[in-house]
Every structure is written in structure tokens, then in C-alpha cells.
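Morning, everyone. Please look at the screen while I talk.

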Amino acid sequence: MMTNWKTRTKLVHEGSRRSQYGEMAEAIFLTQGFAYPDAETAEQRFIRSGEDEFIYARYGNPTTRMFEERIAGLEGTEDAFATASGMAAVNGALTSLLKAGDHVVSASALFGSCLYILEDVLTRYGVKVTFVDGGDLQAWEAAITPETKAVFFESMANPTLDIVDIKGVAEIAHRNGALVICDNVFATPIFSRAVELGADVVVYSATKHIDGQGRALGGVICGTADYIQKIVQPYMKHTGGAMSPFTSWIMLNGMATLDLRCRAMADSAQKIAEYLEAHEKIEKVLYPGLKAHPQHDLAMAQMGTGGTIVSFVVRGGKEGAFRLQNAMEIPKISNNLGDAKSISTHPATTTHQRLTDAQKAAAGIEPGLIRFSVGLEDAGDLIADLEQALAQL
Ligand SMILES: *Cc1c(COP(=O)(O)O)cnc(C)c1O
């Protein structure tokens with residue numbers, strides 16, 4: 001049931017279910033299946049299962065259902081399906097919908113695994129994929145035709161934080177009858193207005209901000225009741241990408257503090273970006289919250305913030321970036337993002353290592369680029385840490 005509550009209330013209560021014991025905390029239904037009171041009920045449930053009627057955890061589970069209803073209520077979609085990882089969500093959103101001969105237009109700046117699904121998996125089954133510069137509305141206009149079944153993009157690209165104009169792309173896609181599928185991980189469910197701006201399907205890796213404490217892999221596909229129930233569910237139920245009840249419980253607990261965490265992280269990210277922008281050892285800062293950023297106005301209109309991640313280029317290329325990473329004491333060197341703990345990543349040698357030098361250059365992944373996922377530590381401590389580390393370069 002969708003409520004009219006504001007975000008923070010939804011994050012705590014939306015979709016809650018209670019057993020006959022009236023437990024306060026969300027219960028973990030750690031069970032693969034459900035016993036039917038009689039054979040007739042079993043038969044009936046396989047024909048059509050109603051609300052609060054479950055069959056098998058690969059199809060659905062009460063704890064997972066709470067998470068799905070909470071995130072759908074937050075995102076403003078009719079329904080959602082929770083998945084084992086963010087990649088299971090991206091794969092499920094696309095593969096459940098497409099068949100041989102269909103055409104997809106995608107932004108070219110994508111997380112490596114998303115690129116693999118579009119470039120290697122879908123094309124292997126006869127789906128035609130056209131890649132465009134996500135920030136160039138004319139390129140979308142030229143590539144989308146009445147034959148296009150879906151468009152796909154990351155609303156904020158990893159790691160350069162380039163923003164796709166959701167409203168602009170959706171307008172072109174809808175004029176041609178194509179479904180708009182938006183990977184919204186960097187925008188977070190808190191700063192997202194994707195559905196309002198025209199996205200039909202919103203996909204998250206719940207591993208990132210939703211868990212927010214680096215504990216569990218998970219994902220979710222949000223969309224209309226028709227799309228989720230008739231297209232996504234049959235595919236996901238039978239191919240086995242469901243979220244586990246234990247993970248759903250972790251994600252439900254993460255959601256209670258999601259708004260507070262994302263806002264605190266974005267506030268610190270803005271301060272850190274402003275500090276770095278003025279530092280002589282930093283070549284450039286890629287943070288859309290900065291007034292000088294070419295997409296500042298779009299970022300403000302679309303998200304109201306520059307987000308929780310700051311990317312920047314250190315002078316001295318790879319050596320400079322490595323020395324800075326090694327000299328910082330608070331941020332861990334790792335590759336998750338949206339975690340309570342700040343994380344520094346060197347994309348050129350880790351997450352984007354497999355790209356050729358030419359591909360890296362085209363994607364803006366310079367040797368000195370660091371992706372800094374700002375955590376929940378004190379912003380002053382993080383800036384002091386950056387200052388002492390930069391002084392060592
Ligand atoms: C991390 C990430 C994914 C994949 O999520 P997993 O939970 O790691 O499978 C997909 N898209 C984007 C933009 C991501 O950052």
C-alpha cells in the first residue's frame with residue numbers, strides 16, 4: 001500500500017508487516033517455503049497468490065516484500081522486485097524485456113558490468129545496441145528511432161560524475177515509444193526525481209547507499225505494476241536472482257537512516273570539493289555541486305545536490321594519485337561507494353583497469369583521477385586528512 005508520507009516517515013515505516021506477535025523490528029523470515037493449510041489452498045496459490053500469500057523464497061518472501069514496498073513507496077513506482085545484487089537488477093530489467101531484433105540505445109559511460117551486459121550479453125542474443133554520449137541530447141535524438149524498445153543510462157556516470165538529462169532523454173524516448181531504464185545508483189534514492197522526470201524503470205545497487213555500511217550485496221528494480229509483475233517477475237522467479245530474506249532485513253535497516261546519511265555525506269562532499277578546488281596540487285575537481293562545473297544547473301534541477309562522491313585529478317598522474325591515497329589515514333583504499341566509511345578508489349588501475357588507454361582517455365579516466373566516496377566521518381577531519389596527505393606530495 002502506497003502512503004502519502006514524506007520521505008523520512010516512509011523510510012522507517014513504509015511496507016512494514018507484522019506477525020501475530022506484533023514485533024517492533026522487521027522480522028527475518030528465514031525460510032525457503034511456506035506450508036499451506038490444505039491441498040486446495042496450495043492449488044489456489046499456484047494459480048494466483050494474493051497479498052501476504054507466499055510460495056517459495058525465489059518468488060517472494062515477507063521480509064523481502066517489506067523491502068520492495070518500502071523502496072517502491074520511496075521511489076514513487078507502483079511496484080518493485082528485489083534482486084541478489086545490483087547487477088542482477090540491471091540484467092533483469094533489460095533481459096526480461098528484450099528479445100532478438102529489438103533495438104536499445106545506451107549511454108556509453110557505464111559501470112564495467114553494465115557495459116558487459118549491453119555490449120556482450122544482449123548482442124549475443126540478437127539485440128541491437130547503439131551507444132551514445134549520454135550528455136548529448138542530439139546524439140540521443142539521432143540514435144532513438146520508432147524501432148527502439150528501450151534506452152539505458154546511469155543518471156550520474158561512474159567515475160566522472162557526468163549527468164544525463166533524464167527529462168530530455170525521456171521526452172525523446174517516449175516520443176518514439178521506448179521504455180526509459182535508469183541506473184540511479186550515484187543519484188541515490190534520496191536525491192532521485194527520476195520517475196517524476198520521466199524514467200519508467202529505476203534500478204539500484206542496494207549494496208551502495210541503501211545498505212550504506214558495506215555489509216551485503218543487493219539490488220532492486222522499480223517500475224509500474226505491469227512491468228514488474230508481467231515482465232520482470234516471471235524472468236527473475238525462474239532464473240533465480242531473488243534477494244535473500246537476510247539481505248532484505250539488512251537493507252530495511254539501512255533504509256531507516258538513508259535520508260540522514262545521504263544528506264550528511266553530500267554536505268561533506270560539497271565542503272571537500274570546495275576545499276580541493278582551491279588547492280594547487282589538484283588539477284581539477286569533477287563535482288557537479290561546484291558552481292564552476294559545466295552541469296551544475298542540471299545537477300541542481302535534477303538532484304538538488306552534487307551528490308555524495310567527489311572525483312578529482314591529482315597533479316603528478318598515477319604516482320601522485322597513489323601517493324595521495326597511501327598518505328590519507330581516514331579513507332580506506334577500496335572500491336565500494338556510499339559506505340559510512342570514506343573510500344578512495346583509483347579507477348584507472350582498479351575498477352576501469354581493463355579498458356585500453358584510448359578507452360580510458362575517451363571516458364575521462366585520467367591517470368591522476370581519484371574517486372572519493374565521502375563517508376559519515378566529520379568533514380573537518382576528512383579535510384585535515386586530505387591537507388596532511390597533499391602536503392606530502
Ligand atoms: C555498483 C554498481 C552496480 C552493480 O551493483 P552490485 O551490487 O555491485 O552488483 C551497477 N551500477 C552502478 C552504477 C554501480 O555503481
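How much area is buried between domain 1 and domain 2? About 2,800 Å². Carbon and sulfur atoms give 60% of that area. Keep in mind that this is a predicted model.

Now, where are these domains? The domain assignment puts domain 1 at residues 7-255 and domain 2 at 259-390. Their C-alpha centres lie 27 Å apart. Domain 1 brings 32 residues to the contact, and domain 2 brings 34.

Next, the polar side. Between the two domains there are 13 residue pairs in polar contact, with both residues at pLDDT 80 or more. On the domain 1 side, helix H1 (7-13) and helix H8 (188-191) each supply at least two of the residues that touch domain 2. How many salt bridges cross this interface? The rule finds one. Find Arg8 on your screen: Arg8 forms a salt bridge with Asp259. Their closest N and O atoms are 2.9 Å apart.

On to the nonpolar side. The largest nonpolar core holds 80 residues. Those with the most contacts inside this core are Phe67, Ile71, Trp140, Phe153, Leu276 and Phe312. Helix H12 (residues 258-277) gives the largest share, eight residues.

Let's zoom in on Trp140. Leaving out residues up to four places away in sequence, Trp140 touches a list of residues including Val105, Val132, Phe153, Val164 and Ile172.

Terms used:
Residues are numbered from 1 along each chain as its sequence is written. This is a predicted model: local features need pLDDT of at least 70, side-chain atom pairs count only at pLDDT 80 or more; totals for chains, interfaces and linings use all residues. Side-chain values use heavy atoms; hydrogens and water are left out. A nonpolar core is a set of buried Ala, Val, Leu, Ile, Met, Phe, Trp, Tyr and Cys residues joined through side-chain atoms within 4.5 Å. Buried means under 20% relative accessible area, exposed over 50%, partly exposed in between (1.4 Å probe, protein chains only). Helices (H or I, at least four residues) and strands (E, at least two) are DSSP runs, numbered from the N terminus. Contact means heavy atoms within 4.5 Å. Domain bounds come from an automatic or database domain assignment. Buried area is the accessible area (1.4 Å probe) that two parts lose on being put together, summed over both. A salt bridge is a side-chain nitrogen of Lys or Arg within 4 Å of a carboxyl oxygen of Asp or Glu. A polar contact is a pair of N or O atoms within 3.5 Å; within protein, one must be able to donate a hydrogen and the other to accept it, and residues adjacent in sequence count only if both atoms are side-chain atoms.
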